[in-house]
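Here is a short briefing on one protein model. Look at the structure first, then read the points below.

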Amino acid sequence: MSHLLPDAEVIDAYVELRVRVVALMREAPQDADELVVPHCPQWAVAELASHMLGVPDDIVNGRMEGVASDAWTKAQVERHRGKSLRSLADELENLATRFDPMLPHIPSMARSQMTMDAVTHEHDLRHALGRPGARDSRAVKAGLAWLREWITARNPEGAERLFVAGVSAFDLLRCLTGRRSEPQVIALGLDIAVLRQVLHGSPLRIPAPTVGE
């Protein structure tokens, strides 16, 4: 049995997320571009936004070699370096006319993974800008569903233990994507040993410092 949400729900979740992110970028103060993103301290806000634009931009333009690798992501950031948040917001919004018709044709697992990455970064952006919200969005649920599918394939018992722990979808998403420290994970009532086990050998890491929401 697949844990992924139905394709139509994931497509709607991604489109709704993009609308929210475009609004966040446009409403941010003009000096926000260079703010460090605490959950991704190697990036400033404009660099994070460049990655969020870069994924659909690369898909539309067929730049898929090394997809999801560090080099692929770095190229996205470099391609849009120097652009303002408002310019990036305009490009992301304008890309929709080309990207949205492609969404139904992206394989379900890849589409849900893309939504998981995007919603993770939506909340990284919200934290950096001090604009919390949308914690019960369809994108949160779609992203978490992909994580459950992925973790179940790696460690079915561990996945079951994490997903029946009674933690909110938003908090579990943030724990599973390396946005919660060990003290935060424990405070939520999750078994830290199980979380370490299911993430072992993956690109996701439990951060040493406590960053915040």
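The largest pocket is lined by 40 residues, and H51, A68, T73, D117 and H121 lie nearest its centre. A pocket here is an open set of points on a 1 Å grid over the protein atoms alone, where a 1.4 Å probe fits, with protein on both sides within 12 Å along at least five of seven lines; lining residues have an atom within 4 Å of a point. This is a predicted model: local features need pLDDT of at least 70, side-chain atom pairs count only at pLDDT 80 or more, and totals for chains, interfaces and linings use all residues. Residues are numbered from 1 along each chain as its sequence is written, and side-chain values use heavy atoms, without hydrogens and water.

**The pocket**
- Its volume is about 1200 Å³, taken as the space filled by probe spheres set on the points.
- The lining divides into 24 nonpolar, 9 polar and 7 charged residues.
- Nonpolar covers Ala, Val, Leu, Ile, Met, Phe, Trp, Tyr, Cys and Pro; charged covers Asp, Glu, Lys and Arg; the others, Gly among them, are polar.
- β2 (40–44), α2, α3 (70–79), α5 (108–129) and α6 (138–154) each supply at least two lining residues.
- α5 gives the most, with 7 residues.
- Helices (H or I, at least four residues) and strands (E, at least two) are DSSP runs, numbered from the N terminus.

**Helices α2 and α4**
- α2 (residues 45–60) and α4 (residues 85–99) pack at about 20°, with axes 10 Å apart.
- Therefore α2 is roughly parallel to α4 (angles under 35 degrees count as such).
- The contact (heavy atoms within 4.5 Å) includes V45 and A46 of α2 and L85 and L88 of α4.
- The contact residues divide into 13 nonpolar, 1 polar and 3 charged.

Conventions. Axes are lines fitted to C-alpha atoms, for helices over the stretch in contact, and angles run from 0 to 180 degrees between N-to-C directions. Angles under 35 degrees count as roughly parallel, over 145 as roughly antiparallel, 65 to 115 as roughly perpendicular and the rest as oblique.
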